[in-house]
Amino acid sequence: MTFSTATAPTSTAGHRSAIERVPHKLLIGGEWTPSSGGTLQVFNPATEELIAEVADATVEDAQRALRAAADAQTGWARTPARTRSEILYRAYELMVERTDLLAEVMTLEMGKPLAEARGEVAYAADLIRWFAEEAVRIDGGYTHRPDGTARNIQLKQPVGPCLLIVPWNFPLAMGARKVGPAIAAGCTSILKPAPQTPLSSLALAQLLMDAGLPAGVLNVLPTSRAGEIVEPMLGSGIIRKLSFTGSTAVGKILLGQAARNVVRTSMELGGNAPFLVLADADLDVAVDAAFAAKMRNMGEACTAANRFLVHTSVAEEFTTRLAERMGALTVGNGLHEGVEVGPLIDEAARDKVRDLTRDALERGARLVTGGETRHTTGYLVEPTVLTNVAPDSALNNTEIFGPLAAIQTFTDLDEAIARANDTESGLVGYVITRDIDQALNVSEQLEVGMVGLNTGIVSTPSAPFGGVKQSGVGREGGRLGIEEYLETKYISIPVRH
Ligand code: NAP
């Protein structure tokens with residue numbers, strides 16, 4: 001592992017123009033407007049520099065956004081699906097055209113290496129294209145009442161104004177995964193980015209406006225006062241749908257607030273993914289998949305492999321090979337050539353990984369590679385592999401959210417599956433095996449919404465992303481993604497013949 005020595009506090013200066021090309025204001029009713037409550041500061045986690053000051057929405061700003069979303073709702077719901085689709089398709093094209101700008105801005109405010117940021121832009125663009133295609137496929141049904149006396153016509157209608165809350169870890173893709181289906185379904189919305197990463201959401205809104213989205217259909221409220229502004233919005237009677245991606249703890253608070261007005265919810269919450277390597281696994285596949293599932297986004301992914309459960313017969317070779325791969329990575333400022341692992345989002349995230357590592361070591365784990373955090377500029381953490389991790393280690397019940405691979409072994413598969421399921425989370429699980437019977441057996445028994453079978457990546461616009469248990473409610477993407485933004489109505493028609 002190497003730390004890139006090129007990380008310098010002044011390194012954002014050359015990227016000022018990218019930041020300046022993105023609006024720094026609120027988007028309300030089609031107008032970029034300042035906030036009545038000053039600005040919030042955005043920092044580069046690689047250099048800890050202040051990179052932007054962005055309008056910081058207040059309760060009054062949120063009221064204006066609510067009115068704008070409410071005023072635009074009827075017109076947008078009546079806009080032909082083909083028009084909604086074409087606006088999204090144009091936004092997809094603009095996103096591809098603006099890849100370099102969007103990636104640079106994302107790396108600056110969030111830290112991921114430029115190559116990964118470009119990958120996220122491609123993923124976000126694909127999500128927008130997917131929902132451009134879905135807009136014109138909204139359908140319904142026609143059924144006969146069994147006694148022949150009536151017909152039932154089922155139709156799908158937009159839910160109405162939506163509140164969309166996104167986290168900082170995939171700031172563009174998580175926005176696209178909500179804004180895309182909302183627009184496609186005919187819903188207006190208010191997007192609330194995380195305060196660490198408002199620029200990606202503002203850039204997304206800018207390109208949708210450039211693609212011809214009418215005023216008020218999308219409103220964006222960066223804010224440092226999420227708790228203060230979100231509760232009144234959910235209680236306003238205007239918001240009909242909340243789509244939230246973030247931690248389970250915050251998700252539970254918002255579910256409570258949404259319940260008061262019976263606001264529909266989609267909740268994409270935290271994970272604690274088990275990664276099972278069976279005795280017959282192809283270790284080339286296992287190491288590739290483990291590396292992807294652990295190191296994508298520096299481990300700051302809800303889908304990140306949190307607990308590796310490896311059959312004793314292959315554990316040593318798997319551990320050695322994964323450690324070699326992770327230990328060879330270059331850590332540093334994501335804007336620098338050759339850097340493969342960027343900083344974590346902030347000091348607390350860095351300290352959390354350090355504390356989880358120490359706790360596991362104190363309980364008997366062995367350090368195979370890494371283990372250091374960098375205490376100079378930027379929240380850098382060495383990719384770390386621990387083996388012999390004890391069951392009572394804190395990381396078993398904690399979302400690590402960093403580049404720390406924690407390996408435990410098993411001999412009995414049923415017991416391994418029980419351990420994999422011994423968590424309140426249920427987002428994703430990974431299984432590596434060449435045996436089709438075992439593959440299906442384990443996939444069916446894992447208490448998760450998604451299974452990566454011989455792969456470490458499950459995110460794709462064409463599949464229904466989401467979790468069970470305390471990892472969430474609802475699905476994003478695939479055929480189900482747009483359903484989350486549609487209500488079903490049926491019309492009963494008596495027939496007299
Ligand atoms: P977080 O602390 O829950 O924050 C998520 C969003 O909620 C942010 O915009 C945050 O803004 C806002 N928020 C926090 N408290 C709020 C409140 N009381 N009322 C209204 N909004 C509130 O999560 P995070 O640290 O940003 O993101 C990491 C988490 O997201 C992890 O648990 C990860 O697993 C999860 N995640 C899940 C998925 C998925 O698809 N299942 C995808 C990505 C991430 P403030 O920071 O201003 O409070």
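Guide: Let us begin with a term: contact means heavy atoms within 4.5 Å. This is a predicted model, in which local features need pLDDT of at least 70, side-chain atom pairs count only at pLDDT 80 or more, and totals for chains, interfaces and linings use all residues. Residues are numbered from 1 along each chain as its sequence is written, and side-chain values use heavy atoms, with hydrogens and water left out.

Visitor: Of the contacts in the protein chain with a separation of 6 or more, what share comes from residues 24 or more positions apart?
Guide: Here we take the contacts in the protein chain with a separation of 6 or more, and ask which of them join residues 24 or more positions apart. Their share is 74%.

Visitor: How many helices and strands are there in the protein chain, and why is it as compact as a globular protein of that length?
Guide: Helices (H or I, at least four residues) and strands (E, at least two) are DSSP runs, numbered from the N terminus, and the protein chain has 15 helices and 22 strands. The radius of gyration is taken over C-alpha atoms, and the globule rule is 2.2 Å times the number of residues to the power 0.38. For 497 residues the rule gives 23 Å, and the protein chain is as compact as a globular protein of that length because its radius of gyration is close to that, at 23 Å.

Visitor: What percentage of the 497 residues in the protein chain is buried?
Guide: A residue is called buried under 20% relative accessible area, exposed over 50%, and partly exposed in between, using a 1.4 Å probe and protein chains only. By that rule, the buried part of the 497 residues is 58%.

Visitor: How is the aromatic pair of Phe308 and Phe318 arranged: stacked, edge-to-face or tilted?
Guide: Rings of Phe, Tyr and Trp (its six-membered ring) pair if their centres lie within 6.5 Å, and planes under 30 degrees apart count as stacked, over 60 as edge-to-face and the rest as tilted. The structure holds five aromatic pairs, and in the one formed by Phe308 and Phe318 the centres are 6.0 Å apart with 45° between the planes. Phe308 belongs to strand E14 (residues 305–311) and Phe318 to helix H11 (residues 312–327), and both residues are buried. With those values, the pair of Phe308 and Phe318 is tilted.

Visitor: Is Leu322 buried or exposed?
Guide: Leu322 lies in helix H11, and leaving aside its neighbours within four places in sequence, Leu322 is in contact with Val287, Ala290, Phe291, Phe308, Ala405 and Ile407. The C-alpha atoms of Leu322 and Val385 are 7.9 Å apart, although 63 residues separate them along the chain. Because its relative accessibility is 0%, Leu322 counts as buried.

Visitor: What is the distance between the C-alpha atoms of Thr357 and Leu404?
Guide: Thr357 is part of helix H12 (residues 347–362), and its relative accessibility of 7% is why it counts as buried. Not counting residues up to four places away in sequence, Thr357 touches Thr384, Leu386 and Leu404. Thr357 and Leu404 are 47 residues apart along the chain, and their C-alpha atoms are separated by 7.8 Å.

Visitor: What is the phi of Phe401, which is not a glycine?
Guide: Most residues other than glycine have a negative phi. Phe401 is found in the loop between strand E17 (384–387) and strand E18 (404–410), and it is buried, with a relative accessible area of 17%. Its phi is positive, at about 55°.

Visitor: Is Asn454 buried or partly exposed?
Guide: Asn454 sits in the loop between strand E20 (450–453) and strand E21 (472–473), and this residue other than glycine has a positive phi near 60°. Because its relative accessibility is 33%, Asn454 counts as partly exposed.

Visitor: How far apart in space are Leu446 and Ile417, C-alpha to C-alpha?
Guide: Leu446 is placed in the loop between helix H14 (436–445) and E20, and it counts as buried at 5% relative accessibility. Leu446 touches Leu276, Ala420, Asn421, Gly429 and Val431, not counting residues up to four places away in sequence. Leu446 and Ile417 are 29 residues apart in sequence, and their distance in space, C-alpha to C-alpha, is 6.8 Å.
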